[in-house]
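Here is a walk through one protein model. Keep the sequence and the 3D view side by side as you read.

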Amino acid sequence: ADLEVLDARIGHCRACPRLVTWREEVARTRRAAFRDQEYWGRPVPGFGPAGASIGVLGLAPAAHGGNRTGRVFTGDRSGDVLFAALHRAGLANQPTSVAEDDGLELRHTRIFAAVRCAPPENKPSPGERDACAPWLRREVELLRPTLRVVVALGAFAWAAWWPVPTSVYGRRPPVPRPAFGHGALAWIAEDVPVLLGSYHVSQQNTFTGRLTPTMLDEIFARAKEIAGL
Ligand code: SF4
């Protein structure tokens with residue numbers, strides 16, 4: 001119930017003027033392929049059960065993905081790759097995620113983004129990342145009793161994590177910060193979730209073969225192992 005309250009509050013945030021304008025403009029003008037669809041056009045909350053032990057931290061919703069469907073990674077190519085991998089890992093009941101009412105359920109896993117509103121060219125500014133950080137902090141606070149590992153999809157998400165160990169757990173991460181990489185692990189303290197780096201599931205990475213399904217399977221196998229699943 002607490003997560004539902006948080007989700008509802010996030011849905012009304014208007015803290016970043018540039019992103020508010022963009023998310024609403026995209027929803028108004030729509031893409032031809034989705035002309036007949038209602039766009040969400042608002043901040044996109046996290047998705048997955050309370051009591052999750054694995055977190056998946058993305059960058060931001062896609063203009064015609066989460067910003068259209070209202071569910072994170074839902075209805076875009078990145079999500080196709082991510083949910084197929086979660087399904088292979090036994091963390092999702094189906095391999096696709098196309099709409100909010102498609103019956104998708106995650107197991108032990110909650111997906112959330114560093115920035116909750118779709119940014120132009122998928123590029124939020126550091127200021128927008130900082131503005132959105134309190135939502136991430138609050139979400140992790142609510143998951144704290146069970147959360148053991150967070151998979152950071154890409155360098156932006158990896159960087160967005162660093163205020164969390166201090167703000168939620170009162171633990172200072174090392175300086176300099178551990179470097180991002182595919183398979184990189186950052187262990188801060190016993191009670192702080194382990195941060196596990198993965199290349200982002202974006203088309204730039206999956207179409208070029210920089211990130212393969214096998215590489216993603218290895219990440220979720222590792223995450224499950226850390227989470228004790
Ligand atoms: Fe609010 Fe985050 Fe959206 Fe900015 S990006 S308007 S802080 S929900």
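**Charges, ligand and open spaces**

Arg 116 is buried, with a relative accessible area of 1%. The model is a predicted one. Arg 116 forms a salt bridge with Glu 139, and the N to O distance is 2.8 Å. Glu 139 is buried too, because its relative accessible area is 0% and buried means under 20%.

Asp 7, Arg 110, Arg 116 and Glu 139 are linked in a network of salt bridges. The whole structure holds 13 salt bridges.

Now look at the ligand. Arg 116 is one of the residues around the ligand. Others in this shell include Cys 13, Cys 16, Cys 117 and Cys 132. Leu 19, Pro 43 and Trp 135 are also among them. By class, the shell has 10 nonpolar residues, no polar ones and one charged. Helix α5 (residues 126-143) gives the most to the shell, with three residues. The ligand itself sits in the largest cavity.

Another salt bridge joins Arg 171 and Asp 191, at 3.1 Å from N to O. Arg 171 is in the loop between α7 (163-169) and β4 (185-186). Asp 191 is in the loop between β4 and β5 (194-198), and the two are 20 residues apart. Arg 171 is partly exposed at 36%, and so is Asp 191 at 32%.

The largest pocket holds about 750 Å³ of space. Of its 34 lining residues, Ala 62, Ser 78, Asn 122, Ser 202 and Gln 204 are the closest to its centre. Helix α8 supplies the largest share of the lining, three residues. By class, the lining has 16 nonpolar, 12 polar and six charged residues.

The second largest pocket has about 210 Å³ of space. It is lined by 15 residues. Asp 7, from the salt-bridge network, is among those nearest its centre. Phe 47 and Arg 71 are also among them.

Key:
Residues are numbered from 1 along each chain as its sequence is written. This is a predicted model: local features need pLDDT of at least 70, side-chain atom pairs count only at pLDDT 80 or more; totals for chains, interfaces and linings use all residues. Side-chain values use heavy atoms; hydrogens and water are left out. On a 1 Å grid over the protein atoms alone, a cavity is a set of points where a 1.4 Å probe fits but cannot get out, and a pocket is an open set with protein on both sides within 12 Å along at least five of seven lines; lining residues have an atom within 4 Å of a point. Grid points are joined across faces, edges and corners, and a volume is the space filled by probe spheres set on the points. Helices (H or I, at least four residues) and strands (E, at least two) are DSSP runs, numbered from the N terminus. Ala, Val, Leu, Ile, Met, Phe, Trp, Tyr, Cys and Pro count as nonpolar, Asp, Glu, Lys and Arg as charged, and the others, Gly among them, as polar. A residue is near a molecule or strand if one of its heavy atoms lies within 4 Å of it. A molecule sits in a cavity or pocket if more than half of its atoms lie within 2 Å of its grid points. A salt bridge is a side-chain nitrogen of Lys or Arg within 4 Å of a carboxyl oxygen of Asp or Glu. Buried means under 20% relative accessible area, exposed over 50%, partly exposed in between (1.4 Å probe, protein chains only).
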